[in-house]
Amino acid sequence: MHDDDPNGSALPPIDAATAASIAERDWGLRGPTRKLGSNQDYNLRIDDARGPVVLKIANPVWERSAIEAQRDALLAVAAAGIAAPAPVGDLRTVEIGGVRLLAHVVSYVVGDPLLDRATFGIAECRMLGETAGRLVDALADYAHPGTDRDSPWDLRVATEVIGRTDPALLARLAEARARLEALVPDLPTQVIHGDVTDDNVVLTAAGEAAVIDFGDLATSWRCAELAVTVASVLGKTSDDVAAVLAVVEAFGDRVRLSDAELTAIWPLVVLRTGVLVACDAELVTAGNAYASARSASETRALETALELDADEMAWLIRGVGQPLAELSLRQVLPAVEPVDLGVTSEVWNDGAWLEPRPWNDRIPRSGGDRAPASRYGEYRLDRARVWSPAGSATVFSLGIEVVLPRGSRLPALPAGVVADGLDADNVVIAPTVWLQACALPGTPPRYVTARAEEVWRRICPDPSPLAGVEVAAPAPDPGTLLTRRDAHLARVQEHYFDRPPQIERGWREFLIDTSANVYLDVVNNVATTGHAHPDLTRAATRQWSLLNTNSRFHYEAHVALSERLAALAPEGLDQVFLVNSGSEAVDLALRLAMTATGRSRILAAREAYHGWTLGSDAVTSSIGDNPRALETRPAWVELMDAANQVRGRHRGPGAAAAYLADLDAQLAGLDTAEIAGVILEPIFGNGGGVHLPEGYLAGVYRRVRAIGGVCISDEVQVGYGRTGHHFWGFEQQHVVPDIITIAKSMGNGQPLGAVITTRALAEAFSADGSFFSSAGGSPVSSAIGLAVLDVMEREQLQENARTVGDHFKAGLERLAGKHDVIGAVHGSGLYLGVELVTDRESLAPATVLAAQVCDALLAQGCLVQPTGDRYNVLKIKPPLVITATSVDFALDALDRVLTRLTR
């Protein structure tokens, strides 16, 4: 190709009719036609009676020798047993619009492009890698003068191509350029296909991989073939690292690259993605629809390539692309004592894992003769990082660290052992000695990310023989645990995510899985004071050491918690029942209302969730939780419309009057003497924090009290300081209920709930006999409940919910201005909801997108889940200790995810 038009964007306009007439005139081809995509040429499929073919009209920048080389290479590849198009007829010159162009015909390979497969996974990656290897092998001795040409796709000139188009992008790729430059002298060249990707490999009916489009055929570095294929799979699977390694391993089964070539693969991948993005920008500007369709995916591939650790990727690619040395390890250490430094180790209690203090200063000195040693294959919690994508921290230990006396000497180390902390004579000169086995030349990293664990264990095998005892940590296996769960835990008990991480530790607003991934918990309104708060730990431990028993016994914690709750409730609501859960609290509240009024019917709202017991489920109407909810409500439940001012029958903040008019009409058709009361959430918790229209709750309460009913405020989700601006959710509506139900936040995860009501209603319950809950308000639960209130008061968590929650909501509203899929932002304080829609006018729910967003946020290190009857609202209700820094991390993650998923 000529230098004046490297991307081939000057092809004159060609229509299908003109191309078809040329095919018929010069090659005798006729039949139905279909234009095929291309960056620079014109390709027309013709279904001729003798079989389908492709007419290829070359861009004017092509020289005859280059196209002749492509046609000749097709024959060489076919001779090697690789399915590919075959030349048809000869190469000709045609004139279109006054421009003389080269044209030729090749057979059309019938098959399904890998690009069009419904699923693209590791098997497809291996197929691409194997195909690339077969082509390199087939073209190893191929030579043709037409392959020595200038091409923007030749990675030897990648920096020039990117720099000419996008200097700022070239600056971002400086590290890859530097890594590659040192390796260039050791990279052999040959003719390569140059574009073995999922749109140039098709699967025939016989299951054979066929290669098409030899337009990038040229002499280049041999390893560039593999790099191009690797770059093509980025962003195509759920695990980019596994996809890359599958390509490399399959390629290596066909062609053995040198260590230098394998080391060059990753910088070449980075540069390849940069070339694609830079060239796409030019082609899109020129109006190339083919390039426009590919632009977003190629930009994602570039960002993925830059996000992955270049050192790790180089080692992993070397590890699967060549044979590994077989090591003979022997004992060189004195007696050692492995120390657990994993996620659940008590060494890291109370947030100690975030403190910059060496592990060997934390462990007690036993005074024995065994040397403390860290464990191989440990996911080290002290190396975990908050505010980072899952899998991005280097937590997996590839060696051991041993505490040995300074001045002591170790025997000669076996070949393949990397050490630090020793002098040239193997004398200990540091507080700890690092030992690591490695089956590849060079000094490997000590800690790597949680990706590709199996490969790392092959590259750096277990060094236990050096210690003479087992020093390998047990490998986490969340998949096996999930299998065990499904075997014996009734599957109707749902869990978050299809492939859930195994969470075994929490701290403040963070949750940590067994691979030391730290997730920002944006969904856990149970953990009011955050996870593992030391005050709660001490309170529970102390009370367990004293007493935990049936709540019918007389002890102080029970009474003290009831006093604290009564003091927090409005005047007159001073009688407390302590129970185990929100469901139990709601069930009891319903019984209180029915017993006190002598009536049997309850008013409840559609789209609400109140619990799972027989009574609380009866007033639950959310079809998101129970698809049969509306058709299976018992006769004693009377459902009102959900006063949803966003997507309900009446909309807008002034909708209260219309909803109350509807209620008046509904009550007019009922025997109100049967209505015992009404139960409502003061904010639609299950709907994602949607506020009721101003004045609605006051209007409902007036109407219910006018007919002799009782008003129940279900505060289980939205109360207890969570809205920030008020302690109770009903305060936002300027009302006072007759009964309050609470749970969740009360115990910070400990089973604890309560009903708060008036003395008259409480004493009326005696008509049904006495009340007790064996474990409700037990000594331990009560002690924890008191500790929660103490922490909330001392750390001003309601104020934090107000200030940080307002910051969170403002950030979400800014994102709504950027992303049209955000139809509304609900809630206040730290009970918020982000409603995702496919259309802002109709508010059509984006249910599929919501699920995709939650999965993508998990990978970004954020735990969020969908809620609402349509499962299109992201529920945001984090621990009340969450900081503005954590909120900003969540906002940035959501912005990235929405940008990627909706581009």
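Entry 1: The model is predicted: local features need pLDDT of at least 70 and side-chain atom pairs count only at pLDDT 80 or more, whereas totals for chains, interfaces and linings use all residues. Residues are numbered from 1 along each chain as its sequence is written, and side-chain values use heavy atoms, with hydrogens and water left out.

I searched the whole structure for cavities and found 7 of 30 Å³ or more. The largest cavity holds about 100 Å³ of space. Its lining comprises 14 residues, of which Glu-607, Asn-644, Gly-687, Gly-868 and Arg-870 are the closest to its centre. A cavity here is a set of points, on a 1 Å grid over the protein atoms alone, where a 1.4 Å probe fits but cannot get out; lining residues have an atom within 4 Å of a point. Points are joined across faces, edges and corners, and the volume is the space filled by probe spheres set on them.

**Entry 2: cysteines.** How many disulfides (cysteine sulfur pairs within 2.5 Å) does a search of the whole structure find? I found 0. For Cys-279, which is in no disulfide, the nearest cysteine sulfur belongs to Cys-223 and is 19 Å away. Cys-279 is buried at a relative accessible area of 0%, where buried means under 20% relative accessible area (1.4 Å probe, protein chains only). Cys-711 is also buried, with a relative accessible area of 0%.

**Entry 3: Val-700.** I located Val-700 in helix α20, residues 696-706; helices are DSSP runs (H or I, at least four residues) and strands likewise (E, at least two), numbered from the N terminus. Val-700 counts as buried, at 0% relative accessibility. Leaving aside neighbours within four places in sequence, Val-700 is in contact (heavy atoms within 4.5 Å) with Leu-660, Leu-663, Val-678 and Leu-680. From Val-700 to Cys-711 I noted 11 residues in sequence and 8.8 Å in space, C-alpha to C-alpha.

Entry 4: Strand β30 (residues 822-828) is largely enclosed by the rest of the structure, because 6 of its 7 residues are buried. Strands β30 and β31 (residues 831-839) run antiparallel and are joined by 6 bridges; pairing requires at least two DSSP bridges. I found Ala-824 opposite Glu-835 of β31. The hairpin has 2 residues between its strands, and Gly-829 takes a positive phi near 60 degrees.

Key: A disulfide is a pair of cysteine sulfur atoms within 2.5 Å. Buried means under 20% relative accessible area, exposed over 50%, partly exposed in between (1.4 Å probe, protein chains only). On a 1 Å grid over the protein atoms alone, a cavity is a set of points where a 1.4 Å probe fits but cannot get out, and a pocket is an open set with protein on both sides within 12 Å along at least five of seven lines; lining residues have an atom within 4 Å of a point.
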